[in-house]
Every structure is written in structure tokens, then in C-alpha cells.
Amino acid sequence: MREINVSAITDVVEKLCIEANTHLPGDVKCAIENCRNNEDSTFAQSVLDKIIENYKIADAENVPICQDTGMACVFLEIGQDVHFVGGDLREAVDEGVRRGYNKGYLRKSVVADPVRRGNTGDNTPAVLYTEIVPGENVKITLGPKGFGSENMSAIRMFKPSAGLQGIKDFILETVETAGPNPCPPIVVGVGIGGTFDKAALLAKKALMRPLDTHNPDPYYAELEEEMLEKVNALGIGPQGFGGKTTAIGLNIEVMPTHIAGMPCAININCHVTRHKTEVL
């Protein structure tokens, strides 16, 4: 049994809040630059050039890539041989978010009540997901999620008779309906299977997966490539001004489901698909 003081979780979350909001992951940068090199539209090229210039400035000056520094989504993969000491884990995560958003001068976007509103003033609480895994380590992934793109996400409870074509049509329908609203080029996270809530979580986790990887199942890896090509054929383009680059990536995550259903969730992210990971 390995003991970990929750203060270590706070320290890592604080650091990841700042790093994730100021430094875009390398795989996302690479995907944007590859799309820029393959873009035919002069206007689309100029928009992508501005996007590249923006994240380079953020890197150099350690400032946020986007003014919407998101709601902190924290994923903890906790080894079953870990014992937390020193306080409450939930409070430790929120304290890390609180410190990170204050220290990094990051915008506080969380309201205390979904209907009555009222800003919490420190971007807490975080959206916390925990998973028990083998071992004695804790893997912490932090993904700040902006709501210009989150608002364009969707879920549908398909009957099995809808088949693969139903899922394909749903992906294209969701992206086309979103149009320029999620600040394309976008990343599309697709979750298929499980239950209503689990499909949405799969879609969110799909956004955390590097864009230079594929689903380990060749069937879904091929579907990722096919749907990315079809999404880009919609012609929405960078910032909605037209072009070949509507999406820089499309990741699919799946799990078993009930015989009577085929849940599918689409979680859209703008090109600022932020996520940082550290292992304790």
C-alpha cells in the first residue's frame, strides 16, 4: 500500500491548470500545421496562420491561448494500492483549481447554480471523474473545457436498428448544425455504447486522446478516418469561413452496451483542445 498526501494532488492540479491553458499539446499543434499545409483556400490559410501565431504567443509569453479558460475537467486514474491521507480528495482537487486559476490569472467561468447563476469567483468546483485501476500510482489529466464548443455537443439514444449509418449521419448532423459556433477547426469526440451518461463520458475522454493515435480496433480506426474526411467535406472551414479544414481530428471511444440500445454522444471541442497529464 502506497500513501499519497492529498496536498500532492493539489500541487499537480494547480500546475496543470496553468500549463493546459497556456500550452497547446504537441499533437494538436502538429495537426493544425498539417492542415495549414494542405489547405487550398487563401482565406482559410490566413485564419490558420492567425491560430498558429496565437498559440506561439501563448507559449512564449505564458498567457492563455483563449479567453475562455474553461471549466476544469479532472480525470483521476487511481491505483487500487493507493491510500490517500491528509484530507479530502475532492477538496484537494478543488483547491488545486482555485490556486491555479488565481495564480495563472485565468478567467473564472463557473457559476454556483445552473439556473440562478452567481459566479463562484474561483472556477470551482471542478468536474471530477475517478477510476480505479491496478497499481500504486495516480494519473491526473486536466482538460479545461470551454463552452462555445461544449454547447454544440449532443447525445442520442439510438435503437440498434439505426445501425452504423445512423451514427454516421448523427456525427455529420451535429457538426453541420454547430457550424462556426465552436470556433473551427474542431476536434470531435465520439462515444458509442454504455448507458446515457457513460456514452457522454466516453466522448469527453475521446477528446483527451492524442490526435496522432487511432482506436485500437481497426474497425473503429477506419471509421475515425472516414468520418474525419466526411466532416471536412462539409466545407465549414476555419472559423466558419469555408475551406477543407473543418476538423483537425475525430476520436472514437466505445464500450459494450445493452441489447436494446446503441447510445451515441458527440462532444465537440474547438482547436484549443487542451489537456495535460502527470503521474504521481
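Let's start at one residue: Pro-256 touches Gly-193 and Gly-194, not counting residues up to four places away in sequence, where touching, or contact, means heavy atoms within 4.5 Å. Pro-256 is found in strand S8, residues 247–257. Helices (H or I, at least four residues) and strands (E, at least two) are DSSP runs, numbered from the N terminus. With 67% relative accessibility, Pro-256 counts as exposed. The labels work like this: buried is under 20% relative accessible area, exposed is over 50%, and partly exposed is in between, using a 1.4 Å probe and protein chains only. The C-alpha atoms of Pro-256 and Leu-128 are 23 Å apart, and 128 residues separate the two along the chain.

Before we go on, a word on what you're looking at. This is a predicted model, in which local features need pLDDT of at least 70 and side-chain atom pairs count only at pLDDT 80 or more, while totals for chains, interfaces and linings use all residues. Residues are numbered from 1 along each chain as its sequence is written, and side-chain values use heavy atoms, with hydrogens and water left out.

Now for a sheet. Four strands make up an open sheet with mixed pairing, in the order S4-S2-S5-S10; two strands pair if DSSP finds at least two bridges between them. Strands S4 (127–133) and S10 (276–279) stand at the edges with a single partner strand each, so one side of each has no neighbour in the sheet. On average, neighbouring strands here are turned by 15° against each other, direction ignored.

What does S2 do inside this sheet? Strand S2 (residues 71–79) runs antiparallel to strand S5 (residues 138–145), and eight bridges join them. With S4, S2 runs parallel, joined by seven bridges. You can follow the pairing residue by residue: Cys-73 has Gly-143 as its bridge partner in S5, and Leu-76 has Ile-140 there. Leu-76 also stands opposite Thr-130 in S4. S2 is mostly covered, as seven of its nine residues are buried.

Helices lie across these strands too. Helix H1 (residues 6–22) lies across S5 and S10, at about 40° to S5. Helix H7 (residues 196–208) lies across S2, S4 and S5, running at about 90° to S2. Those angles run from 0 to 180 degrees between N-to-C directions, and the axes are lines fitted to C-alpha atoms, for helices over the stretch in contact.

Which residues have the most contacts inside the largest nonpolar core? They are Ile-9, Leu-76, Phe-84, Val-138 and Ile-140, in a core of 24 residues. Such a core is a set of buried Ala, Val, Leu, Ile, Met, Phe, Trp, Tyr and Cys residues joined through side-chain atoms within 4.5 Å. The elements giving two or more residues to this core are H1, S2, strand S3 (82–85), helix H4 (89–103) and S5. H1 gives the largest share, seven residues. In soluble globular proteins, nonpolar side chains tend to be buried together. Leaving aside neighbours within four places in sequence, Val-138 is in contact with residues including Ile-9, Leu-76 and Phe-84.

Staying with H1, look for Ala-20, which is found in this helix. Ala-20 is buried, with a relative accessible area of 0%. Beyond neighbours within four places in sequence, Ala-20 is in contact with Ile-65, Leu-142, Pro-144, Arg-274 and Lys-276.

Finally, the cysteines. Counting a disulfide as a pair of cysteine sulfur atoms within 2.5 Å, the total is zero. Cys-270 is in no disulfide either, as the nearest cysteine sulfur, that of Cys-66, is 5.9 Å away. Cys-35 counts as buried at 17% relative accessibility, and Cys-270 is buried with a relative accessible area of 13%.
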